[in-house]
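This report describes selected features of one protein model. The sequence and the structure are shown first, and the discussion follows.

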Amino acid sequence: MKTYNVRTICRLCNSNKIKLLLDFGLMPLAGGFIHTEDIPFEKKFPLRLFFCEKCALVQVVDIIPQEILFRDYRYTSSTTKTLSEHFRDYAKDIQDKFLDKNSFVVEIGSNDGVLLSPLKELNVNALGVEPASNIVSIATSKGLKVLNDFFNVKTAREVVNQYGLADAILANNVLAHIDDMNGIIEGIKILLNKDGVLIFEVQYFLDLVKDLQYDFIYHEHMSYYTIKPLIKFFEKHGMKIFDVKDVSIHGGSIRVYVTSESNKKYKILDSVKIHLQKEEDMGLHTFSGLSNFSQKVKIHRDKLVKILNKFKSEGKKICGYGASGRSVTLTNYCNIGQETLEYIIDSSPERYGRVMPGTHVKIMSPEYLKLNKADVMLILAWTYLEEILKKEQWFWEDGREGVVPFPNVAIITKEDICLNQLA
């Protein structure tokens with residue numbers, strides 16, 4: 001039975017002028033961390049990246065149903081110090097700029113409460129909407145208010161009936177996961193106060209291209225946003241982007257601020273024009289401007305594999321660090337499996353005892369690393385490199401080496417790390 005659909009028109013502008021940019025072949029689900037006994041039942045799906053020649057949106061066209069992707073979700077945001085600190089600062093920024101003591105805030109895709117928690121500490125009346133029941137249990141155990149459901153028009157009406165209109169709606173690393181973007185915005189318009197703001201963060205396609213971050217491409221991430229297609233999309237729905245802020249999280253993201261076109265309180269700032277110009281200068285608005293992207297990806301893959309194979313030929317044991325969606329794409333596309341990696345370390349208890357999708361490398365806790373020492377660490381969670389180096393300083397003390405895959409493949413040693421500076 002076919003369990004996915006193929007999109008033939010653009011997700012934002014409905015144009016049929018979409019063109020193949022990059023083909024990854026058959027890939028497992030990036031969030032499909034399974035137990036060993038479930039390996040025979042694992043499914044793989046086409047993963048192809050297309051470019052819309054009308055609005056310039058880059059998007060995945062092979063669409064897996066939300067119920068398959070997100071009902072049993074093994075990603076928890078609060079497990080990294082970097083993300084926790086990011087969202088703590090984010091909560092304070094939102095409160096200072098947009099909220100008062102009576103404000104009501106809704107977060108779409110609230111995960112384990114990494115943003116709801118600091119909002120609660122600031123006495124902000126906040127509600128999360130999260131479809132993954134196992135993740136909701138974690139959030140509610142912290143005393144947070146969370147509705148266990150997908151966000152859509154129906155959910156929006158339920159929230160309005162029970163809580164009233166929202167003064168701010170937040171959606172962080174969520175809008176890239178939505179196929180029916182028109183439906184999600186209709187729900188947001190139902191729920192949002194006429195003078196309210198939608199604030200969302202997404203990984204910025206400009207940074208993805210600049211640093212060749214193809215490991216960020218997987219089925220959950222259906223859209224890869226630049227500002228140009230987003231402006232046109234929100235205009236279609238009677239809304240405007242009035243500010244854009246660069247944030248370093250996830251290898252380079254943007255925080256986008258949106259409100260009703262009729263809202264005179266917020267004028268469109270220069271940041272919007274500045275981002276549009278940067279995109280234009282990098283050639284992100286045309287297919288020809290992106291034409292060498294796929295070739296660079298293949299060159300990068302070959303270089304990484306060559307380095308790992310050299311370590312193996314020297315008899316060195318290699319472990320991975322970071323079992324994430326990114327690492328699923330990288331290990332499967334580069335065919336880095338059990339013949340290369342002894343195990344992969346991850347800090348999320350939600351993944352312990354499971355195996356990596358596709359490659360089936362076992363996932364272990366950080367404690368396992370000290371008991372089963374490898375000679376080389378492939379740092380799959382490279383966007384948290386500094387945090388990992390601080391946490392696992394001991395690993396490099398005996399002359400062990402690390403491989404950082406992005407933005408350029410690099411081998412690091414104790415001397416490169418400057419451990420004293422990280423202390």
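The buried residues of helix 8 are covered by several elements, including helix 6 (181-191), strand 10, strand 12 (239-247), strand 13 (253-260) and helix 9 (270-281). The model is a predicted one. Helix 8 itself spans residues 227-236, and its buried residues are I227, P229, L230, I231, F233 and F234. Just after helix 8 comes G238, which has a positive phi of about 70°.

An α-helix has 3.6 residues a turn, so residues three or four places apart point the same way.

Which members of the largest nonpolar core touch the most other members? They are F200, Y214, I217 and F234, in a core of 141 residues.

## Helix 11, an enclosed helix

The buried residues are G325, R326, S327, V328, T329, L330, T331, N332 and Y333. Among the elements that cover them are strand 2 (18-28), strand 3 (44-52), strand 10, helix 10 (293-313) and strand 15 (341-345). After helix 11 comes N335, with a positive phi near 55°.

Helix 10, one of the covering elements, contains R301. Not counting residues up to four places away in sequence, R301 touches Y214, Y333 and C334. Y333 belongs to the buried residues of helix 11, while Y214 is one of the core members named above. R301 and G251 are 50 residues apart in sequence, and their C-alpha atoms are 18 Å apart in space.

## Helix 4

In helix 4, which runs over residues 133-140, the residues N134, I135, V136 and A139 are buried. These buried residues pack against strand 8 (146-147).

## Backbone features in loops

N111 has a positive phi of about 50°, although it is not a glycine. N111 lies in the loop between strand 6 (104-108) and helix 3 (116-121). Is N111 buried or exposed? It is buried, with a relative accessible area of 6%.

L212 is likewise not a glycine, and its phi is positive at about 55°. The loop that holds L212 runs between helix 7 (205-210) and strand 11 (223-224). L212 is buried, at a relative accessible area of 12%.

A further backbone feature is the cis peptide bond that joins F406 and P407, with omega about -5°. P407 is placed in the loop between strand 18 (401-404) and strand 19 (410-412).

## The cavity

How many cavities of 30 Å³ or more does a search of the whole structure find? The search finds 1. The largest cavity has a volume of about 30 Å³.

The lining of the largest cavity consists of A176, V202, Q203, F216, S223, Y224 and Y225. Strand 10 (192-203) and strand 11 each supply at least two residues of this lining. By residue class, the lining divides into 5 nonpolar, 2 polar and no charged residues.

A disulfide is a covalent bond between the sulfur atoms of two cysteines. In this model the count comes to 0 disulfides. C10 is in no disulfide, and the nearest cysteine sulfur, that of C55, is 3.6 Å away. C10 is buried, with a relative accessible area of 0%.

Notes. Residues numbered from 1 in each chain as written. Predicted model: local features only at pLDDT ≥ 70, side-chain atom pairs only at ≥ 80, totals over all residues. Heavy atoms only, no water. Core = buried A, V, L, I, M, F, W, Y, C linked by side-chain atoms within 4.5 Å. Buried < 20%, exposed > 50% of the residue type's maximum accessible area, 1.4 Å probe, protein only. Helix = DSSP H or I, 4+ residues; strand = E, 2+ residues; numbered from the N terminus. 1 Å grid on protein atoms, 1.4 Å probe; cavity = no way out; pocket = protein on both sides within 12 Å on 5 of 7 lines; lining within 4 Å. Points joined across faces, edges and corners; volume = space filled by probe spheres on them. Nonpolar A, V, L, I, M, F, W, Y, C, P; charged D, E, K, R; others polar. Disulfide = S-S within 2.5 Å. Contact = heavy atoms within 4.5 Å.
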